[in-house]
Each structure stands twice: as C-alpha cells, then as structure tokens.
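This report covers one chain as a whole and then some local features of another. The model is shown first.

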Protein chains: 6
Amino acid sequence: MQSSREEQMIFSEADVCAKSPLARSFIERREHLNGELLASDNKLIKRFFNLDTNAYLHSEGLPVLVKELMGLSVSAAMRCESCIYYHLIQAFRYGSTRKQIEESLNISLVIAGSIVIPSLRNAFAMLNELMPPQES
Amino acid sequence: MQSSREEQMIFSEADVCAKSPLARSFIERREHLNGELLASDNKLIKRFFNLDTNAYLHSEGLPVLVKELMGLSVSAAMRCESCIYYHLIQAFRYGSTRKQIEESLNISLVIAGSIVIPSLRNAFAMLNELMPPQES
Amino acid sequence: MQSSREEQMIFSEADVCAKSPLARSFIERREHLNGELLASDNKLIKRFFNLDTNAYLHSEGLPVLVKELMGLSVSAAMRCESCIYYHLIQAFRYGSTRKQIEESLNISLVIAGSIVIPSLRNAFAMLNELMPPQES
Amino acid sequence: MQSSREEQMIFSEADVCAKSPLARSFIERREHLNGELLASDNKLIKRFFNLDTNAYLHSEGLPVLVKELMGLSVSAAMRCESCIYYHLIQAFRYGSTRKQIEESLNISLVIAGSIVIPSLRNAFAMLNELMPPQES
Amino acid sequence: MQSSREEQMIFSEADVCAKSPLARSFIERREHLNGELLASDNKLIKRFFNLDTNAYLHSEGLPVLVKELMGLSVSAAMRCESCIYYHLIQAFRYGSTRKQIEESLNISLVIAGSIVIPSLRNAFAMLNELMPPQES
Amino acid sequence: MQSSREEQMIFSEADVCAKSPLARSFIERREHLNGELLASDNKLIKRFFNLDTNAYLHSEGLPVLVKELMGLSVSAAMRCESCIYYHLIQAFRYGSTRKQIEESLNISLVIAGSIVIPSLRNAFAMLNELMPPQES
C-alpha cells in the first residue's frame, strides 16, 4: 500500500528534503522518534497507526490531497505542530498549490483564533522553503 | 454576496427543514440566538462574522464544498456541536455526498479520538435525516 | 467573607433573578447540583473551591470586577458555558457596564475563534435580559 | 468477548437502570444514538470502536477496573460528559468503591482546573444515585 | 495607530530587550517568523491581524492594560506560550505591576489546572527578568 | 510527607538520572524553573502545589502507583509534555512495569486520537531509556 501511495505523489521525500532544511530536520527527527515508539511490540499503537493510514487513503468520496489538506486544517486548529508539518509535507507531495495550503490554514485561523498564529508562523516558515511565495 | 452563495447551492434552507426535523430545530434556534448576539452594535463581532464568511467562499484554491467539509472536520475534532450541525447542513446544501461527509468525520475521529464519538452520534442522527443511509 | 463579598456588590442574587429568567434558571440548577457535588465529604473538592474563591477576591493588584471579567473572558475562550454564565452574573452584580462585558467576550472571540460563537450566542441571550442593549 | 466482559461485572445494566434514573436515561439515549451512528456501513468507525474496546480490556498490565477509572479521569479532565457517564457506569459495574471514583475525579479537577466543575456536578448527581454518599 | 499605542506605553521594546534576555530572544524570533507569515499576500491573515489589534485597543469600556492582562490570562489558560510571552511583555510595557501579572496568571491556574504549570514556569522566568521579585 | 513518599519509592531521583539522560535533563530544567516560579511569595501557587501533591497521595481508595499512571494518562491525552515526563518518572519510581505505562498511554491515544502521537513519541524515547523494551 505504501508503494501505491508513493506512486500517487508528485514529489519524493528526497525532493522535500532537498528543497527545505526545516522539512528535512523534521522528517529525520520524526523517523528517529517513530523508531522509539515502535521499538516495543505495542499492538494497540500499531493498529492505531494502521487505522490512521486508512483514514487518509484516496477513495471514491474524497481525493487524497483533499484529505491531507483537511488533516492540515484540523492539525493547525488543534495546534499540533508536528501534525501540521507532517500534513503540510504530504499535501505538497501530492501536488497541492500554495494557495490550497494557505486557504486550509486560513480556515484553522478563523475557527480556532489567534492562539493558532504561533503555529501558523512555523508552518509558513516551512511552506516558504517548499514553495517560495513568488512562485505561488 | 449572500445571494450568489445561495445560487451555488443545490438545496434551499426550506429543503433542509423539510427533510430533517433536527436540522429545522437547529436552524430556528440558531437564527433566534443570532438575533440576540447581533442585537447590540458590537463592531468586532460583526467584523469577525464577515471574516468568517470570507474564509469559506469559493476561490481559485478550493471549491466551497471542500471548505465546508473542512469546516465540518475541524468542528467535529474540536467537539463544537453547533459548528458541526452548521457545516453539515452547508455541505449538504452544496451537494456533498453522504460518503464525503462521513469521510470528513472519520478524519476528525482518527485525529481527535473517542471523545469525538458523542458529537458524531448527534451528527449522524442529523445526517440520517438529511441523507438516509440506504440512499448513499 | 461571603458577606463582605455581598457588600461589594451592587445587585443581589434576587435582583438578578428578577431581571433575567435565564439567569434564574441557571442559578437554581447550579445550586441544586452544587448540593450533589458537596453531599459527600470530599476534602479535595472543598479545598479547591476555597482556592477558587480566593483567586477572585479584591486585592491590591486587581479589583474584583476586573477579575470577574477576566474569569468571563477565559471561560468563553475555553467554551465552558456554565462558567460563562457564572462570571457574567458576577460581573453584572459587581457593577460591570454592558460594554465591559462585551469587550471581555470580544477578546475571547479573537483569541479562540469562531468555535466560541455558539457560547457567545447563549451569553448574549442572558446579557440581553440583564442589561438590554438599548440601555448600554 | 462482550459476554466475558459481562461475567467480570458485578452489576448488570438492568441493576444500573434500577438504581439511577439519570443513568437509565443516559443509557437509553446512548443506545438510540449508537444505532444512528452504526446505521451506515462506515468501516473506519467500526474499526475504531473495536480498538476502543480493546484498550479497556483486562490485561496482565492493569485490571479492567483501573482502566475504567483511568478512562473516567481522562474524560472528566477533557470535559466529555457522555464519556464521563459511560466510564462512571462501567467503573460501578466492575465493582468500584465510591472513594475510588471520587479520587479519580479529584485528579481530573487538579489537572484540568475549575472548568471541570460543571461536569463534576453532573457526574456526582449520577454517582449519588448509584452509590448514595452515606453508603460510601 | 501603532504610534499612538507606543505613546501610551511606559517602556519601549528596547527597554524590554535590555532588561530581559528571554524577552529579547522571543521578540527577535517572533519578528523573524512574522516576516515568514506575512511574506505572501494572504488577505485573510492580514485582516485577522487587524481585528486582533483592535480587540486590545484602549476604549471607554476597558483600559488597554486590563485588556493585555486579560489576553495574558486567557493565553496561559490555553497554554499558548508564545501568546503568554507576548501579552506579558505588553502588560509590562503598559505599566503593569508584578502583582497584577501574577494575579492574572493565578486565575489561569485555578481555571485550567496543573497542566498550566509548565507554561507558568516559563512565564515566571521571563517575569523575573523584567521585574525581579524583590522589586514587586 | 515528602520523606514518606520517598520511602514508598523503589528508585531514587539519582537512579532515574543515571538510567536516562532525557529524564536527567528534564529533572534539572524542571527544578531550575520551579525555582523561578517559587521565587516570589505567590500564596495561591503554593496552595495549589499543596493541593496537587495531595491528589496523588496513597489512600484507601487508590494506591499511589495507580494515581501516577492516571496522571500520566490524563497528561498524555491533554498533550502536556512536561506533565507526561513528570508522571512517567514518578510511575517508574513507584515500581510500574513497562506494560502498565504503555497501557496507560494506550488509553490516552484511543481517547484523544492521533494528535497525541507526537507526545507519545517523546514519552517512549524516555521510557526506552528507563526501561528498555527487551527488559519489559
């Protein structure tokens, strides 16, 4: 399944790391810590990860890009910075325009208010590396 | 602007009320309480409402239906039941399929966990009136 | 101490109940449920209540009215409707103007976003009974 | 599995309903709304429910009563009233003492503060029906 | 408008940076990241910033210092550390006493509980640089 | 009281620091910042700390280890990383097995969803130092 997800993507993880130092350091740290999380044989966590993967798969209902943007919008509203970085990178890899990412984050800002702004600042710093403003 | 939004919609508010008693009672109560909120001339609230409307407008980035589904997903993850009902009705009016609404709520469930379930129960009760399961 | 707090107040609980049916029904239900909460001899809850009372006492730092408005603003941002009603009534009893209550709620709206609006609707319904808009 | 869980329980659902009108009306409403939620064949929700059930099963690590009390404490801290009622009833059915339930709720109060109090009031109203204070 | 706000202030940003290394590093990082956020022409974000500024302006209802302390109290209750630092610095610049800042944070602690303590630790570290305890 | 708590513990703070560099750096930073928090004579904070300590004491209702695991589960569900580290270390010191800690965190994950995962990653990194997976 992972491979079929990769096929739908426009950019590889290597592309992301080449464009954005912030994304690369996030990806490396996340991978290291995922190793810590999965070191023990915790079945419930593994089943949760599986469920989590399923929620974002392409379906007849919604294309995967929309689901990733939705995950981004929810993550920003709930101020989960690691979640924001993850879905921002995924949305980029699935071919999102900068405008689509910004509008998803705008919805988070309106729904959840100014406490979201510190997380948006960090999100835009990564976004500016992945898709510089003038290119949007 | 309101009129142009109405034009993009497939179902009128009257259609919604005819299909779903839960939606009708929600819409009536919301309208009454909006009157209370707007009775005083609170400029900041009025400007916020204006900003809020703008965040969900159709744009070159994302179609209005996707924005309403995104608003639904964020609202469910944050357990704001009035917000859920509002965006669920809006998504229905803009032509959402039942599957699109369910998948948006699934993302909320995976991101925000079982505390979301009580809100989902109420959301599905309204959804079942608007779009009965067998029709999906 | 309770008596000295009463002395600082401009309106009695009876005044509040006479002006606002919403406030009266809230006060009655809260009193009944406080009886349920304090029926057992739970020392930690009693000590917490004592601490809670102390945080809002008039002090050299901030007058009690400001503290009640602050409690109102925090409660609205965190969407605790019972907490909102309680602090709204307290602020009214300590002589708050309608404008002061509205500006405290405006700060909640800007900080915590549109998910606060359903709680604000209910708050304004009670506020309109206690201090009708035209009188503000 | 459900049957083995029932076997570990000291009180049946019928016992709970006989003792507490609040619990009975909660259980009936929850059952009705679960029907709404499960009316459509939403696989992700069904898998989530299964995972949820698993997290609270008796294990070599923690007995089921401790897990239910833990679920109660988390639910109260996050102010999910339906979740509180559910875990309170479950803890009662698995033989919790009143003191164990109160101490679990005390931890929620200290961790999450006074905004938890409105939910505690409702929790104690149900607790007082299930296990009147003088019996504790 | 910014200039009239500056005039009401007792301490300049340079004063703050001279007194507190923690505040200076926060201010510099915030300014840098605000540049990232505003690099693209996102109108909704700009309008939100404008609304945000307006909510804290001096008015007939509440003086600006009270509004900043209220923003501080809400931010601490919601555990937004950047928001806490910002409003703490603003309150200091508008002439807050140490006692006023502490009492605003006390209200956050009582309302939102012990999960607020880690944020309070960081807030007090900055407060101790801006207004050392013995001077209070 | 502190001494009697120490007596109930299986591992000293020094043991913890010797086993886990992550725990040591957390403990040192927390101790430093607690000094900042307690530098001023803020009576409400001191009383809150006292109440907080009391909530976790061994009692006829629940043993202290269960209370620490409960504190851990609530902290993880509310994504308070300092709180997670603190209760994780306490649970370890009171003799928790690795399985008990994992099952407490599993409940947080199911209740509060995937936004908890970034905090779990960090928790497991510390847990792996204190109680390496193969030893569990």
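In chain A, the mean position of the 14 positive charges lies 5 Å from that of the 16 negative charges. Lys and Arg are taken as positive and Asp and Glu as negative, with His and the chain ends not counted; each charge is placed at NZ of Lys, CZ of Arg, CG of Asp or CD of Glu.

This is a predicted model, in which local features need pLDDT of at least 70 and side-chain atom pairs count only at pLDDT 80 or more, while totals for chains, interfaces and linings use all residues. Residues are numbered from 1 along each chain as its sequence is written, chains are lettered from A and ligands numbered from 1 in the order in which they are written, and side-chain values use heavy atoms, with hydrogens and water left out.

**Chain A**

Chain A contains eight helices and zero strands. Helices (H or I, at least four residues) and strands (E, at least two) are DSSP runs, numbered from the N terminus. The radius of gyration of chain A, 15 Å, is close to the 14 Å that the globule rule gives for 136 residues, so the chain is as compact as a globular protein of that length. That radius is taken over C-alpha atoms, and the rule is 2.2 Å times the number of residues to the power 0.38. The C-alpha trace of chain A spans about 45 × 35 × 30 Å along its principal axes.

Of the 136 residues of chain A, 63% are buried, where buried means under 20% relative accessible area (1.4 Å probe, protein chains only). Chain A exposes about 5,100 Å², and carbon and sulfur atoms supply 50% of that area, computed by the Shrake-Rupley method with a 1.4 Å probe. Among contacts (heavy atoms within 4.5 Å) in chain A with a separation of 6 or more, 69% join residues 24 or more positions apart.

**Chain D**

| Helix | Length | Span | Expected span |
|---|---|---|---|
| α6(D) | 13 residues | 18 Å | 18 Å |
| α8(D) | 14 residues | 20 Å | 20 Å |

Ten of the 13 residues of α6(D) are buried, including C83(D), Y85(D), H87(D) and R93(D). After α6(D) comes G95(D), with a positive phi near 95°. In α8(D), 13 of the 14 residues are buried.

P133(D) is in the segment after α8 (117–130) of chain D. Apart from neighbours within four places in sequence, P133(D) contacts A39(C), S40(C), R98(D) and N128(D).

How values were computed:
Buried < 20%, exposed > 50% of the residue type's maximum accessible area, 1.4 Å probe, protein only. Expected span 1.5 Å × (residues − 1).
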